[in-house]
Amino acid sequence: MSRSVEIEFRLNGVVRRAAVRADMSALAMLRDVLGLTGTKYGCGEGECGACTILVDGASLNACLLFAVDCDGREVTTIEGLANDPAAQRLQRAFAEHGAVQCGFCTPGMVLQAGRILARAGQPDRATIQRGLEGNLCRCTGYKKIIDAVEAAAKERAA
Amino acid sequence: MTVIERATLIGKRVPKMDAPEKASGKTRYIHDIDVSGQLWGKILRSARVHARIRRIDTSRAKALPGVHVVLTAADVPDQRPIGVNKDHPALKGDKVRCVRDEIAAVAADTEAIAQAALALIEVEYEDLPVIADPEAALAPGAPVINEKHADNVAMRFDYAHGDVAQGEAESDVVVEDSFKLHYVTHCCMGVSGVIAEFDASGNLLLHSNTQVPFLHKREFAEILGIDPGRIRIVQPPIGGGFGSKLDIYPFEIIAVYLARAARRPVKLVYTREEEFLASPTRQPVILRLRSGCRKDGSLTFRSVETLHDNGAYTSWGATTPFVMMQTFSSLYRVPHCKYHTTVAYTNNPYAGSFRGYGNLQATFAVESHMDKLAEAVGMDPLAFRLRNAQDPGEVTGQGMTFKSCGFKDCLRSAAERSGFLARHAEYRAAQGAGGRVKRGIGIASMLHVGGGACGTILKLDDFAHVTLMTGASEIGQGSETVLAQLVCEELGLPLSAVTVVNNDTDITPWDVGVHASRTTFIAGNSAIGAARKAKAKILAAAAKKTGVPEGELDLVGGFVVRAASGEAIVELAKLLRGLHFSDKAELVMTTHYYEPPSVHQDKGFKGDVSAAYAWATQVVEVEVDLDTGIVKMTKVTGAHDVGRVINRLGIEGQIEGGVVMGQGYALTENLVIEDGRVKNPSFRDYKLVTAPEIPEMDLAFIETMDGEGPQGAKGVGEAPAICIAAATANAICNATGVRIYELPFTPEKVYRALKGVAPKVAWRTRAAA
Amino acid sequence: MPDAGALERYAAPRALAEALELLRDGDATIVAGGTDLMPQSHSGKARFGSLLLNIRRIAELGGIALEGDTVRIGALTSISALLASPLVRERLSILAQAADQFASEQVRNAATIGGNVCNASPAGDTLVPLIVLDAAVELAAKAGGGIETRTLPLQDFLTGPGRTQRRPHELMTAVRVPLPPAGFVARFYKHGTRPALDISTISLGIGGVRRGDRLERVRVAFGAVAPTPIRARAAEALIEGRALDAAAIEAAAEAAHDEVRPISDVRASDWYRQELVRNMTRRVLAHVAFG
């Protein structure tokens with residue numbers, strides 16, 4: 001067993017220290033060490049996007065990221081978006097457009113959708129679809145998720 | 001005078017009540033729940049497909065620091081086998097029959113320690129011959145997989161109406177083909193998990209993802225030999241169901257055994273790989289279909305034989321013939337029909353229930369043949385189907401009575417909106433033309449049942465807030481929103497005035513579980529029944545208080561009003577407080593138990609099994625790349641007879657999700673099993689449809705206002721996935737002239753078929769042999 | 001939970017020299033984006049050495065720069081950064097095409113070109129375009145006092161699935177890509193039902209300098225048809241400098257079909273892979289030749 005490593009990083013705007021095993025994933029750290037369960041385990045190999053988080057502003061799969069590599073970086077999880085107007089707009093759009101069913105993929109979808117909107121002002125549907133290609137959903141058939149992202153973009157523009 | 005406007009939520013786009021929680025990541029699924037003092041459970045599964053266990057040594061695992069309990073079958077002599085055939089012990093003792101077989105389990109302080117302990121368990125196997133093919137399992141002298149079934153037959157079904165020989169004699173055209181349907185699995189985004197804990201008195205509390213909590217409760221009572229009243233099941237929100245949580249599985253029992261032995265709560269959660277290896281699948285089927293018709297296009301007979309690979313143990317997959325035979329016998333008018341199924345034990349993974357329950361498989365074969373027969377008699381696929389489609393009022397050979405039936409409207413609507421006939425002719429004419437990408441269009445339809453019974457308890461507090469306690473679980477499909485809408489409609493309240501409690505067997509009334517597209521219909525009727533009783537009680541009290549006759553009162557917008565004018569008479573909350581705090585201290589609390597007016601089938605599988613029947617037609621458009629075999633699904637046009645739309649947003653979501661699940665079944669998903677081993681237990685190689693791949697979807701609802709349905713509604717949960725593969729097969733044939741009899745239509749399979757190098761599915765049935 | 005094996009230490013140096021010293025001490029597992037290492041360690045395919053060496057903080061390993069006639073792409077360059085680079089998009093467009101079809105945005109943000117090269121998957125998405133572009137791999141090591149570097153053609157660097165010529169004490173520092181000459185056109189094709197997020201059944205890249213109806217300096221490369229991505233020399237020879245008509249394209253496609261020796265696995269059979277090689281060579285070559 002590897003010894004634990006002390007790291008310090010900014011988590012949802014607040015500086016955190018944590019002692020993590022060197023082989024631990026950021027996902028395990030967030031859920032099991034820090035108790036933030038909004039980031040979901042779906043596959044553990046970067047195929048489903050349920051564990052999407054933002055690191056230094058870019059979306060990453062927390063299951064592929066070594067927890068130790070969070071050291072000195074800025075990490076945002078779904079819990080960190082509670083007061084973020086752009087995220088709230090998306091979350092409202094997800095509810096109003098029926099983009100949530102079982103909801104297990106939803107936090108990851110919301111985070112990734114936020115990146116799509118941050119990059120492109122008015123993304124077309126194809127751009128939204130490509131942007132969500134790393135986020136699996138088994139319930140909705142994606143259409144209403146795409147609708148929600150499109151609506152949030154329009155609302156922001158209005 | 002204050003007039004209260006009447007507003008209805010029925011048919012509106014009503015957001016799901018739980019969506020804000022879920023979208024903000026606050027919802028706690030089973031994986032997110034920890035219980036004080038909890039240990040982690042892990043299961044050791046067989047390294048062999050079929051073997052005798054010579055020896056298991058757990059001493060090194062037991063010695064690992066942090067390990068509390070290690071169990072093998074020898075430690076639980078009171079095991080009772082589970083499953084539809086009661087052929088499945090949770091922990092296997094002397095023999096393993098399948099790679100998912102559980103042979104030992106560990107409870108430890110952490111997941112990592114439990115995992116490390118598994119690696120320290122030594123198992124000595126003696127290999128037995130592997131039966132990976134159901135035909136081989138039925139061969140004389142085949143090794144026996146389950147000792148109680150020496151012939152390796154888990155189940156048989158025989159159904160008949162009419163006389164197929166006579167039907168064949170009357171036929172101008174007869175076609176016969178074999179079809180092969182593959183393994184797919186549910187892939188719920190939330191992996192399976194359970195937390196088991198006993199209190200100091202030995203009462204069991206299970207945090208469980210089951211879709212059938214009341215059936216589970218009874219079964220666990222039998223397993224533990226305790227009174228069912230001592231078992232409570234709490235269901236946290238579930239990360240997807242689709243039928244996967246309809247049976248009881250070894251991991252749940254093992255968690256209970258571990259908790260019992262450790263006297264500590266035990267949490268057991270799968271990895272994704274384990275989810276692929278150890279979850280149920282959709283039933284794989286080999287199917288031989290012989291059908292005939294007259295020159296005028298009327299069907300004469302249908303004769304079906306299927307062979308189901310049961311896997312090593314019997315779960316719900318074995319019983320899918322119940323639903324399959326309904327499609328064979330009753331989707332279209334068939335005067336003579338015969339169906340035989342053999343369900344054979346093998347060493348493969350076992351199939352469970354999965355959205356559609358055999359109907360995808362049956363519809364694939366039937367609708368492929370409808371196109372072939374149409375072609376043979378020179379009719380277009382739509383006219384041929386309309387010639388044979390059921391009408392309202394029809395009683396089928398299997399005894400189903402279609403009180404409401406929008407089948408022909410579905411056919412016409414889907415065909416018209418997709419431009420089916422013109423495109424079908426155009427693409428067909430272009431088959432021989434140049435170009436490496438061919439377009440095609442195909443049509444298919446389905447019939448599906450729904451049933452079961454459900455109870456509701458409803459209470460109104462002194463602020464006119466309603467708590468609806470229902471046995472119908474929410475599995476993401478939006479049932480709690482629909483039930484709340486139905487109650488609001490009766491009581492004239494906004495959605496915000498309703499809380500739905502649906503997740504605790506100590507509180508909610510009995511329900512048979514979430515399956516069979518039944519929740520809106522059955523639980524909806526139950527909720528309406530309870531709400532109507534509450535309304536009657538309230539209006540009687542209001543009449544007494546105001547002197548206005550009951551019959552002239554109504555509940556609108558939180559007020560008791562004059563029904564005719566809408567004039568507000570008294571605020572509902574105020575009236576309720578008056579009742580609560582009067583000398584008689586009355587509470588408004590009602591119960592209702594709804595049992596649909598369906599009948600049980602007789603021994604010949606005949607009877608009107610469902611109170612209502614759902615219908616749908618789907619038209620699929622594809623592009624086929626002749627250089628690669630890649631089939632791109634470009635558009636799906638669906639017409640669904642749903643009785644009535646209750647929540648438009650919810651029903652669209654159900655249908656779109658089902659369509660894309662059907663797309664996966666048709667094109668991309670394939671759980672590859674070779675010699676009993678799962679070859680692709682990950683999302684890397686088990687391909688779910690992703691966002692860029694979805695087709696354009698155009699949906700229409702045919703509202704037939706079913707007389708028995710809540711507000712006229714019928715079930716819809718399973719319907720949308722059912723016809724997609726069948727319509728896709730027809731579309732590929734329309735594009736290329738090549739018919740493929742085997743799913744899924746992965747690029748290589750399609751390419752081989754286009755090149756003519758794919759062997760046609762051939763299965764000699766026992767009857768033919 | 002993965003077996004952490006012998007893992008004892010973690011280091012995240014900021015200077016290349018420091019990283020090379022740590023490597024010289026031996027038994028290190030190098031991590032950059034982690035997108036390959038993490039799942040490999042979970043599945044037991046990769047075991048940790050005693051040191052987990054995180055190279056992601058070494059500034060010298062980043063950046064995309066034009067140095068004379070060579071584009072130097074630092075090993076830590078993420079796939080997203082490749083996509084965002086005007087230099088890559090305009091001058092090395094086949095590499096941008098492959099980057100666009102690489103996994104998902106979340107993975108592209110983490111995965112690095114150095115990781116994709118050193119992981120040496122036969123299906124590695126950036127490898128085929130890099131071979132078409134005659135890329136070379138730059139390696140550094142600390143021997144005695146200073147840092148020594150060497151450069152190897154990518155084709156030679158890759159020796160088998162997961163195997164390269166990198167020595168245990170060496171670190172891959174960059175990919176060096178000579179700027180293609182004027183008139184160079186190239187296309188990448190990856191077979192799958194999805195736009196990205198797919199391990200290719202086969203991939204192919206074809207490039208050349210267009211002169212009228214001819215292609216010169218032709219490169220035809222395939223992924224997932226051999227233990228490493230390969231060049232199809234026979235097909236190249238049939239195209240090089242010749243007038244390209246339907247018959248010439250067909251001949252080249254047949255040659256490519258005949259010279260690859262793919263395997264059968266859960267994703268596809270060898271036969272189908274060969275068919276794809278022929279059919280898609282035909283299609284992509286026509287694109288490259290005629291635009």
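**View 1. Domains of chain C in the predicted model.** Chain C is divided into domain 1 (9–54), domain 2 (59–178) and domain 3 (184–290), with bounds from an automatic or database domain assignment. Taken over C-alpha atoms, the centres of domain 1 of chain C and domain 3 of chain C are 35 Å apart. In this predicted model, local features need pLDDT of at least 70, side-chain atom pairs count only at pLDDT 80 or more, and totals for chains, interfaces and linings use all residues. Residues are numbered from 1 along each chain as its sequence is written, chains are lettered from A and ligands numbered from 1 in the order in which they are written, and side-chain values use heavy atoms, leaving out hydrogens and water.

**View 2. An open sheet in chain B.** Seven strands of chain B form this mixed sheet in the order 3-5-1-12-9-10-11; two strands pair if DSSP finds at least two bridges between them. Strands (E, at least two residues) and helices (H or I, at least four) are DSSP runs, numbered from the N terminus. Strand 3 (67–72) and strand 11 (231–234) of chain B are the edges, each pairing on one side only.

**View 3. Strand 3 beside strand 5 in chain B.** Five bridges join strand 3 of chain B to strand 5 (residues 102–108) of chain B in the antiparallel sense. B:V67 has B:A108 in strand 5 of chain B as its bridge partner.

**View 4. Helix 6 against helix 7 in chain B.** B:H216, B:F220, B:I223 and B:L224 of helix 6 meet residues of helix 7, including B:V256 and B:Y257; contact means heavy atoms within 4.5 Å.
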